[in-house]
Amino acid sequence: MRSVSDGPFPHEWLLAGGAEGAAAARGHVWTVATRRNQPRPGFEDMMATSLSASDHGVSSPHGEGTSKRDFLKLVTGAAALVGTGAIVWPLIDSMNPSQDVLALGSVEVNLEPIQAGMGITVLWRGKPIFVRHRTEKEIKEAEDVSLSALSDPETDAARVKAGHTQWIIVVGICTHLGCVPLGNKPSDPRGEWGGWFCPCHGSQYDTSGRVRHGPAPANLPVPPYAFQTDTKIKIG
Amino acid sequence: MRRIPLARLFIGAALGGLLAAAPARAADDAKLPKVEWSFAGPFGTYDLASAQRGFLIYQQVCSNCHSMNQLYYRNLEGIGLSEEQIKAVAASVQVPGGVDDNGQPIQRPGRPADHFRAPFPNDQAARAANGGALPPDQSVLELAREGGADYLYALMVGYADPPADMKMQPGMMYNKYFPGHQIAMPQPLQDGSVQYTDGTKPTLEQEAKDVVTFLAWAAEPELVERKQMGVKIILFLLLLTGLTYAVKRKLWSDVH
Amino acid sequence: MVGLHKSEFKNPLVRWIDTRLPVFTMMQNEYGSFPTPRNFNYFWNFGALAMVAMMIMIITGIFLAMNYVPNTALAFDSVERIMRDVNYGWLIRYVHMNGASMFFIVVYIHIFRGLYYGSYKTPRELLWMLGVVILLLMMMTAFMGYVLPWGQMSYWGATVITNLFSAFPIVGKSIVTWLWGGFSVDNPTLNRFFSLHYLLPFVIVAVVFLHVAALHITGSNNPLGIEPKGPQDTLPFHPYYTVKDSVGICVFLIVYAALVFFAPNFLGNPDNYIPANPMVTPAEIVPEWYLLPYYAILRSVPNKLGGVLMMFGSILVLFVLPWLDTSPVRSARFRPIFRQLVLLLVIDVIVLGDVGAHRPEGWWVVVGRLATTYYFLFFLVLLPVVGKLERPLKLPDSISKPVLGGGGPLPGGAPAKPMEKA
């Protein structure tokens, strides 16, 4: 094994002195000599010198001057930090939705062709929206649930528009991990509560889109929408 | 020494983990029938005659509903068609040819450099023509289904009458191997669905085997080249491993 | 002349460079004469193997990027074009695709090695923590890479994983929107994932450099877990371990080639050959095999936020591992109880992987919860307690001395042959 003292690297200026101690202690590596071939100050010495120069060396050795300078350093540092933040923010914000994405605003849906008991899926902002025409029985089921039976308590009335209670309109994305639940087509499984069933992890929603079973933490959200006529809505 | 059992246990565990973690490829219910594929195994190659018959079936049956958007007519060289044959196949269809001098879209006969013509201009048209169901693109279908070629073959031969206790949705067919057993595609192949020019008897099983061979080729046209290259590379690596190990033994002989 | 390095190299060009920038001396010290414990077993190959896997990934990735198009309308087709029309494109893509699996296999064995032989213990804590950073970066890179082909599993995997951040209260939703650059996984998401997938490997290279630098400060651990006491305990890295690593690399390449040439899609998911469709969720969303154990932990917790925290916690706990293990003895060879527990942990993680591949129903839920419990029990309870209670076996005096007085694997006290400085 190569011993330290005849190491190949008598250049402490090249490698930081910090590694020197550790390497020397282990007896090898990162290559530093313990022998100094000239009275050149080591890295640590230089650091110490420069620090002391900036702290005391200029003019006033008094405490007052030091604290003023400390304050100035603090303010300068804070200003630099604010400046850096101002540069970084545009980069961060550039990752938020851009104008063209935001502009894909609204979708109009004609409700006329949707029979009672049927639902359709429309795409809004890249998300599927379930528009479902509920039967009388389904409306009653949704309204009769007591809030204490719900893990995310919400009345049915809060989730539909007054006077249009046969229409339930929800974002068709499971609140668990973003899958699209089944149940819009009559041939789909709808789960025990007659609403929607998520095939990914088995969450079940009722006819008001409220979670009734499974890992989903919240009800299917209701997107912003308005009735333009009795048979036409605008989402977004 | 405890080293050896530990190493063995670990390797066993690692392999076990690998196998356990690999996606289960078998369909959940019915066991897929075993078929002897020409392209199976480390030395497998495509049975080109079978693939050509399969292409005939694709042309006459599948392509009425299914697209194969990743393929070009020129690719048919891979199943042994000659340049003249490929030109003829391509020219037999009309493809969109840009616009004429008045800006109106025109059609022209296909060329070898054209994509396979799709039966429908878009997904909506395909759905509308097929009772709401979308016939999937067949380019990589063999890779896109659990069970691969075996599954596709099983699907072709798996049509049957539904069990008495099963309620079928309107317009759906019963298939033993389709997940859920209700498939929107009517049985595509029967005995004698096509007339083979090479004298092969067009039984359902033969047709299924041929069309799946064609689909397997379409999904993995590089398979033969890949396996042949693999054999050579592994032989080379075995030799290199042997040599390296010999050098290692020699170098370490004075340490042990 | 003052300041020039005294080079020992004879070749005039090498010498000219080396006197000005002693990179050759550095290589000689770090990979040539570097004193390495003489008793490594083949588990010590896996660091070098990881390095090889990483370079293969970077090289193949650069060439793939020349033909890949990060656009939702074109990504799937561009990958198929690589497979069909680009010369040897199928080879480059299959090497890259399976390279991810090989990289993870190798790194997991490397981590197990560190765990079993106590390589994380003082003074190698920082070395270990840098390794955990590499693992995290690898997972991020692999996840984003899996999104790029824009198949069904790409899309839904991205949706499920990015949605994890929505579990955090208040800021969760904004974070997810920010990650997506929209209101769902879409073109902006694909673009940024491609950008980051290209960037992160070079960050990994930088951290690997620190990992190796830290290794060369402390020196390597070894199967006995005791420090070398002198030259008789070590061998120069070259040629002894360069050739031993070469043997491992050859075996690694054989396994790798078998996968690439004969079963390139064995570890993949068929659903990823179906183009992404935001309107159709696959019946089952599973990540790549190397992420399955974490996925199992996520799904074992009934509470969404809890699951997410546990999943992140399962990796973050590795950061504090050096301080959780209270035993001063490194190698499991001399820790009979720890040895059983750590082997059980390996089985536990494999079981978690299996659970992650299955729908969380029936007894899979129970098994998943038990396995998750053991995972955390091992790190948070068993390690600190066993370290205090366990009676370790007697440690050998030195690497070259016979183990426990009996005939060990190495001739007792045989001095290492003095090596030429090659």
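Predicted model: local features only at pLDDT ≥ 70, side-chain atom pairs only at ≥ 80, totals over all residues.
Close-up 1. W150(C) is not a glycine, yet its phi is positive, at about 55 degrees. The residue sits in a loop of chain C, between α6 and α7 (152-163).

**Close-up 2. Y88(C), a partly exposed residue with positive phi.** Y88(C) is likewise not a glycine and has a positive phi, here about 60 degrees. Its loop runs between α4 (75-84) and α5 of chain C. The relative accessible area of Y88(C) is 48%, so the residue is partly exposed. The cut-off for exposed is over 50%.

**Close-up 3. The cis peptide bond between T122(C) and P123(C).** The bond from T122(C) to P123(C) is cis. Omega is near 10 degrees. P123(C) belongs to the loop that links α5 (89-116) and α6 (125-147) in chain C.

**Close-up 4. The cis peptide bond between H238(C) and P239(C).** A cis bond joins H238(C) to P239(C), with omega near 5 degrees. P239(C) is placed in a helix, α10 of chain C. That helix covers residues 237-262.

**Close-up 5. The domains of chain A.** Chain A is split into domain 1 (1-58), domain 2 (62-96) and domain 3 (102-235). For domain 2 and domain 3 of chain A, the C-alpha centres are 50 Å apart.

Notes: Residues numbered from 1 in each chain as written. Chains lettered and ligands numbered in written order. Heavy atoms only, no water. Domains from an automatic or database assignment. Helix = DSSP H or I, 4+ residues; strand = E, 2+ residues; numbered from the N terminus. Buried < 20%, exposed > 50% of the residue type's maximum accessible area, 1.4 Å probe, protein only.
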